[in-house]
Amino acid sequence: MIHFVLLVSRQGKVRLTKWYSPYTQKERSKVIRELSGVILNRGPKLCNFVEWRGYKVVYKRYASLYFCMCIDAEDNELEVLEIIHHYVEILDRYFGSVCELDLIFHFHKAYYILDELLIAGELQESSKKTVARIISAQDQMVEAAKEEAGSISYIIAQTT
Amino acid sequence: MDNLFQRSLEDLIKGFRLQLLGESSFISRALEEIRREVKATDLSTKSTALHKLSYLAAIHGVDMSWAAFHALEVVSSSRFHHKRIGYQAITQSFHDQTSVLLLITNQLRKDLNSVNEYEVSLALECLSRIGTRDLARDLSPEVFTLLGSSKSFVRKKATGVVLRVFDKYPDAVKVCFKRLVENLETSDPQILSAVVGVFCELASKDPTSCLPLAPEFFKILVDSRNNWVLIKLLKIFSKLASVEPRLGRKVAEPICEHMKRTVAKSLVFECVRTVVSSLSDHEAAVELAVAKIREFLVEDDPNLKYLGLHALSIAAPKHLWAVLENKEAVVKALSDEDPNVKLEALHLLMAMVTEDNVSEISRILMNYALKSDPLFCNEIIISVLSVCSRNAYEIIVDFDWYVSLLGEMARIPHCQRGEEIEHQLIDIGMRVRDARPQLVRVSWALLIDPALLGNMFLHPILSAASWVSGEYVEFSKNPYELVEALVQPRTDLLPPYIRAIYIHSVFKVLVFCLGSYFSAQESSSGSSSTVYESILNLVNVIEIGVWPLSGAYDVEVQERAKNVLGFIGMAKQDIAKNVNLQDNDAEACRVTAFMEDMFSEELGPISANAQEKVCVPDGLELEENLGDLEEICGKFLKPVESDSVSCTDKISFSVSKLRIRDQQEASSSSTSLPAKASSSLLAEHRKRHGMYYLTSEKNDPDSNGTPKDYPPANDLASEILLDPLDPKRKAKHRKSRPVVVKLDEGGESRITTSQAKTKQESVTDDESLSRAIQSALLVNKKGKEREKCEGNSNLVVQEEETSRIEKPQNSEKKKKKKKKKNGERTSGKHRSRRRSEVASSSEQVEIPDLLL
């Protein structure tokens, strides 16, 4: 199973973290520091798998972001590379030519998409279309809710 | 209304990015703002505040557990927008110790039963992340319902959650398992992959309980074309096949088919891995796998190279031929840029080592070590050392070559493994008699080289070299040069404890030379002047070299230096006299002979648990309570002056302090026997102030019994097995292998038993889950049979619980029973046999014969 997902920029700034195993806050920051150090120091032509503390970390670099996923020793690394690529493609489709700024300002949307993709550390949805459909449906619901909240009748109902 | 002026998340982020310095103050200001806002009653304000907080927590590591209750409030809103934010905050911050965890059960239940599938999915996500035992227990009926929902989206998520629920609350298996198994037959690939994923995890925890489902898995393996599913299935099969070998035969065929047909490298790799790890007995499959590995190895992509090497290393133990075939590829990989690849190649190379090629491989590796960076260089060195020293050097035939290799290693510039080399030098010296001359030669070469003295990492090696030279000085060709090397002024760079060894070696050499000089004196009537001069030279050199050390700061060095100088002083007179030493009353001669005798006794290797084998002599008490020392040494221990004892309660375990306290107690109670044993004073104190003492589990302190926690050494003592002579190898080799002294390392067996014990303990946690699965499967099969043949009374029993009426599981079982067997009438009578008893008594789960 996937233990955690980490997105780190080239300068070492964390853009997204998602933890599927219990880690305390201190452990989380320690892990992030360690792993960023290891991965950011690797050259471009080296292989995408790192052994770390008995687990394996699969990482891939897209533009200025490193996408890292930590898996058990017996999981298939090539499969996880596929999962990372899958995620990036979905993000691309959703944001339309995604860049790092999109992830900074809409980080919660990245979270929601990741939630649709992985559940309990396993891949749950391997079709990009389905994920896109679900997310847009949810977005519509949110929009509807916001509109309703912003409507005058609602404000009146609140104040009275 | 407040939220019109509230900073939204975007504003927060923008503000953060504009802030170049003072990030922490910005964060703390934002936190304060959030704390204020989150207490508002308006849900929108709350949710925005929570949103910002979750951002800070996720990206900047701010603690957000204090907002748990507020998160709950936000989740209870009916707006999807708020719910989403609330659930995200919850999944991020809740953990097992969150106090408001109990309150979430109802909310989750409401959402799980909701009509809106997205709300359901949010709740399922949340459950999957924070599920605890109580939550799992309370919500498993809902999850069970969702497993049969008509919306595949929901079903898929429910399947994913099921794993976590099972993990936390194994009894849920009885409820949900059947639905899970039904889902195996679904045509929807997403659900299928989710179900298979769940089984994959279950199988890795406990393969035997999933064994009865093997036929279904097999069907999917043959039919499916979806790579994700296939990979998971292969993992399941590798776990199952290791438990059930007959399965391997059947499965090898389809796996080979997949390997040949597919384009996806990930699938190929998984097939290869499965074949190599679990199906290694099937030759055809293994050959195909090895062919695929070779394809991987020649690719340019470093990922594939690494994976190919990794697969080879899994195959190596059983299929060494595969590794040998690809030897050139492996050697080429040693010079690759990627450290991972290099490391794998190194491990593979080490696996290939046998007696014949050990020297060749070491030669290649030493060349690489000289060329590579320090990290890899040391890796090479340590792996060569560990492989060669395995099992008391069983791989080495030519010890002379190996010893010179050790010397070479010491000269590699990046070498940092001094301790290991030191250990091996001394070890070989002790165990292998025939290698000693070469050892002394190599040590001599190391000692006379002044450059090595400067390298801190090599100091352990130098200490070993000097010890070896001193101990086996009889093999050295030129003791004079040896002594010169040992006392050279540059040895000041060495740490004191190594200098002490140097001086001691000098002493040994001196004794040896003097001894031979004196015996030469006796045997030949007169001494030639050259011999006399050389011995005088030797003594002078030593004296000059050691004399400055007699004032050294370090105790060891000083003492040894003085010993040597004293000995020299005594011996010099006798040498100078040049007397005909027919009369053996010359003191120096006697002393020298005595010393020689002492030094000539061999030091042999000691086994690791030799101490336990020594019986405790009778009358020797091994106690922890040193207070009883009072009786024995009371008169020697001076009491501490009372004014120097501070009034504050210093925790100090000195016996004398205890004595003072007891004395004061004694004097206050008008008894004045200062020499009383402290234990009896303690007992008195206890009697007087007994209610303030915590209950102690120890024995009565007055008793003198041996403590229970140390088992008497006699129990552990087995026969002391010294295996002095390793039986000589058969004359396969041109040169017969020298004798290596081995010892019975009985300690290893004890280590494995304790490991076995800890393994047993960890198994019990998984046992409940596996038992539950087994029982569920048993029900499954019996239920199926019942549907086929009606009215079989024995089997009805399985379903109906009798005396456990009060357990809540009963209701769930009845529900399940009703849903499963709609066509059949449920009988009102309870049969007397209990299902769980039957299930647990059947330890062996029957393997379906459909597969064989």
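How many residue pairs are in polar contact between chain A and chain B? In this predicted model, local features require pLDDT of at least 70 and side-chain atom pairs pLDDT 80 or more, whereas totals for chains, interfaces and linings use all residues. Residues are numbered from 1 along each chain as its sequence is written, chains are lettered from A in the order in which they are written, and side-chain values use heavy atoms, without hydrogens and water.

Between chain A and chain B, six residue pairs (both at pLDDT 80 or more) are in polar contact, defined as a pair of N or O atoms within 3.5 Å, one able to donate a hydrogen and the other to accept it, with residues adjacent in sequence counted only if both atoms are side-chain atoms. Helix H5 (residues 128-150) of chain A supplies nine residues, the largest share of the side of chain A that touches chain B; helices are DSSP runs (H or I) of at least four residues, numbered from the N terminus.

Contact (heavy atoms within 4.5 Å) involves 61 residues of chain A and 55 residues of chain B. The two chains bury about 5,400 Å² between them, 54% of it on carbon and sulfur atoms; this is the accessible area (1.4 Å probe) lost on being put together, summed over both. In chain A, A:Phe105, A:Phe107 and A:Tyr112 lose the most area to chain B, together 12% of what that side buries.

Four salt bridges are counted between the chains, each a side-chain nitrogen of Lys or Arg within 4 Å of a carboxyl oxygen of Asp or Glu. One salt bridge joins A:Glu79 to B:Lys235, with the closest N and O atoms 3.8 Å apart.

Conventions: Helix = DSSP H or I, 4+ residues; strand = E, 2+ residues; numbered from the N terminus.
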